[in-house]
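Dear colleague,

Please find below the structure that I promised to hand over. My notes on what was found in it follow directly after.

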Amino acid sequence: MDDDAARKNDIMLMIIGLQISVIGAAVDELILLLAIGPLFTFAVYTNELRRRR
């Protein structure tokens, strides 16, 4: 996968993580979904660090 495609994939993952976190914040029964957003962000961050080496 080229660099641009990898970055677009990372952006999509962060958007999905944000949307899931918002749903978790809005619905009381789904409060555990709040942890998904930071996990996606952490995964994208570590992937970017590996890509820059």
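Which residues does D10 touch, not counting residues up to four places away in sequence? Please bear in mind that this is a predicted model. The residues that D10 touches are V44, N47, E48 and R51. D10 itself lies in helix α1, which covers residues 3–26. Its relative accessibility is 6%, so D10 counts as buried, the cut-off being under 20%.

These contacts belong to a meeting of two helices. Two packed helices are described by the angle between their axes and the distance between the axes. Here the axes of α1 and helix α2, residues 36–52, come within 7 Å and cross at roughly 165°. Because angles over 145 degrees count as roughly antiparallel, α1 is roughly antiparallel to α2. The crossing in which α1 passes α2 is left-handed.

On the α1 side, the residues that meet α2 are D3, A6, R7, D10, L13, M14, I16, G17, I20 and S21. Their counterparts in α2 are I36, G37, P38, F40, T41, V44, N47, E48 and R51. By residue class, the contact of α1 with α2 comprises 9 nonpolar, 5 polar and 5 charged residues.

A6 is a further position in helix α1. With a relative accessibility of 12%, A6 also falls under the 20% cut-off and therefore counts as buried. A6 and F40 are 34 residues apart along the chain, and their C-alpha atoms are separated by 14 Å.

With kind regards

Key:
Residues are numbered from 1 along each chain as its sequence is written. This is a predicted model: local features need pLDDT of at least 70, side-chain atom pairs count only at pLDDT 80 or more; totals for chains, interfaces and linings use all residues. Side-chain values use heavy atoms; hydrogens and water are left out. Helices (H or I, at least four residues) and strands (E, at least two) are DSSP runs, numbered from the N terminus. Buried means under 20% relative accessible area, exposed over 50%, partly exposed in between (1.4 Å probe, protein chains only). Contact means heavy atoms within 4.5 Å. Axes are lines fitted to C-alpha atoms, for helices over the stretch in contact, and angles run from 0 to 180 degrees between N-to-C directions. Angles under 35 degrees count as roughly parallel, over 145 as roughly antiparallel, 65 to 115 as roughly perpendicular and the rest as oblique. A crossing is left-handed if the near helix is turned anticlockwise from the far one by less than a right angle, and right-handed if clockwise. Ala, Val, Leu, Ile, Met, Phe, Trp, Tyr, Cys and Pro count as nonpolar, Asp, Glu, Lys and Arg as charged, and the others, Gly among them, as polar.
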